[in-house]
Amino acid sequence: MNGLAEAAGSFALTRRLSRKTRPDFERWQAAAVRRFLDRDLPRAPFYRQAPARLADLPVTDKALLMARFDDFNVHGLTATEAWAALARDGRAGACTVGASTGTSGNRGLFVISEAEKYRWLGAILAKAVPDLLWRGMRVAVILPQNTGLYDSARKSRLIKLAFFDLTLGPESWRDALEAFDPTVIIAPPKILRHFAAENLRLRPKRVFSAAETLDPVDRPMIENFFRLPLGQIYMATEGLLAVSCRQGGLHLAEDSVFFEFEPAGEGLVTPLVTAFRRQTQVMARYRMDDLLRLSAQPCGCGSPLRCVDEIVGRMDDVFRLASQGRTILVTPDVLRNAVLKADRRIDDFRVVQTGPDSIELKLPPALADDAAAAAHQAMQALLESRKAVATVALIRAPLPLETSRKLRRVECRLEQ
Ligand SMILES: [Zn+2]
């Protein structure tokens, strides 16, 4: 089967599944997971003696997958070989190697086949822009590195795809981007917001935030500038995890991933994912670091795929503070809301836990002093309400656009 047929098949399946009722969808998913457990999973050495039920598989995580990389892919490709391939052109035999962005030493590697790459492309098109496809699209992808995933689209007639390297900085490709005149833009929210601030000449039909947590504070600025609702594409080394529909619901990609959820406090969950349509690198009951708030209501669009209200941030960035002789956790959304609700003029900030009992609140110098004082007070009030022992230092400093690392407005810098 050639690549485009693979993409078209995946496109059609994704569309067909989106019209199923929830019970019908769950039956399809259960059969697909069963097939994965019987046929695909045991091909990875780690799962030679795989138990019959998903629930009996061990929980895995990034540390385990990276330490025993070759045991989790069917070609026996080692991590050393994969890193070497990535440093060349990302090709390892018939496969593509990619890596997640992240601090060095903390990057996740993935390996996928040509067929999987096209299947991924078909699925993302079916979810994000099914109506635009037939009219021809110019898609601008602006991410920290070309993961190799997008190469599959580059040559197709219906899609013109251009990749802009975030790490080079927007000034190096601004003219090229404007000349390309994209109809679809996929970029981290900080870059979309930067486009608004710099008033770039762009007229897309669809805009998606990707690669970083979308903070509620960025959304109105981006939507006002483009005069479009902002969509989200949530993907990671673990694959495509959620894409928003035209009605704004952020639907989990349950048509390729089976999700289990572990409670993380404050009504949030962290997912265990089983990517049941991946066959090259097996990812089963893989514990992710992201904190999600699941929607209580189904989306009005009628898709059977469940929705998340928000991807709140990462478990790594939950603050850990001493309170009455024990350690309490404060999640990023709670910290963020305390700052933003303190004053409407606040549209950017950083909150960093720098030590067991020290927190920095950073606000730009242009912000009015009384707004900064209100945010400082709100942070202290939050800690008092939790009886947490910590001091908050208010720092007034510029918050420049950083293109070399992920933006995390709430960040915990304690050793794990
Ligand atoms: Zn929907």
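Buried here means under 20% relative accessible area, exposed means over 50%, and partly exposed covers what falls in between. Keep that in mind for the views below, which all come from a predicted model.

**View 1. A zinc ion held by four residues.** Cys245 (SG), His251 (NE2), Cys299 (SG) and Cys301 (SG) coordinate the zinc ion, at 2.1 to 2.3 Å. The arrangement counts as tetrahedral because the four donor atoms subtend angles of 100 to 118° around the zinc ion. For comparison, the ideal angle for four tetrahedral donors is 109.5 degrees. Read along the sequence, the spacing of the donor residues is C-x5-H-x47-C-x1-C.

View 2. Are they buried or partly exposed? His251 has 5% relative accessibility, so it counts as buried. Cys301 comes out at 34%, so it counts as partly exposed.

**View 3. The largest nonpolar core.** This core has 35 residues, and Leu41 and Tyr47 are the ones that touch the most other members. Two or more residues come from each of α1 (3–17), α2 (22–40), β9 (239–244), β10 (250–252), β11 (257–265), β12 (268–275) and β15 (307–314). Which element gives the most to this core? That would be α2, with six residues. Zoom in on Tyr47 and, leaving aside residues up to four places away in sequence, you'll find it touching Leu41, Pro42, Leu57, Thr60, Phe72, Val282 and Ala284. Another core, of 29 residues, lies apart from this one, and its members include Phe319, Leu321, Leu363 and Val410.

**View 4. Strand β8 and its two partners.** Strand β8 (residues 230–236) is mostly covered, with six of its seven residues buried. With strand β7 (residues 206–210), β8 pairs in the parallel sense over four bridges, and Ala210 stands opposite Ile233 in β8. To get from β7 to β8, the chain passes through helix α9 (residues 219–226), and this β-α-β crossover is right-handed. With β9, the pairing of β8 is antiparallel, again over four bridges. Here Tyr234 has Ala242, in β9, as its bridge partner. A hairpin links β8 to β9 through two residues.

**View 5. Asp40, a buried residue in helix α2.** Asp40 belongs to helix α2. Its relative accessible area is 3%, so Asp40 is buried. Which residues does Asp40 touch, not counting those up to four places away in sequence? They are Arg35, Gln279 and Val282. For a sense of scale, the C-alpha atoms of Asp40 and Arg345 are separated by 53 Å, and the two residues are 305 residues apart along the chain.

**View 6. Thr14 in helix α1.** Look for Thr14 in helix α1. Thr14 has a relative accessibility of 5%, so it counts as buried. Setting aside residues up to four places away in sequence, Thr14 touches Ala123, Ala126, Lys127 and Asp255.

Key
Residues are numbered from 1 along each chain as its sequence is written. This is a predicted model: local features need pLDDT of at least 70, side-chain atom pairs count only at pLDDT 80 or more; totals for chains, interfaces and linings use all residues. Side-chain values use heavy atoms; hydrogens and water are left out. A nonpolar core is a set of buried Ala, Val, Leu, Ile, Met, Phe, Trp, Tyr and Cys residues joined through side-chain atoms within 4.5 Å. Buried means under 20% relative accessible area, exposed over 50%, partly exposed in between (1.4 Å probe, protein chains only). Contact means heavy atoms within 4.5 Å. Two strands pair if DSSP finds at least two bridges between them. A crossover is right-handed if, with the strands pointing away from the viewer, the path from the first strand over the helix to the second runs clockwise. Donors are N, O and S atoms within 2.8 Å of the metal (3.2 Å for Na, K and Ca); water is not among the atoms, so sites may look incomplete. Four donors count as tetrahedral if all angles lie between 85 and 135 degrees; four count as square planar and six as octahedral if opposite donors are over 155 degrees apart and all others between 65 and 115; anything else is irregular.
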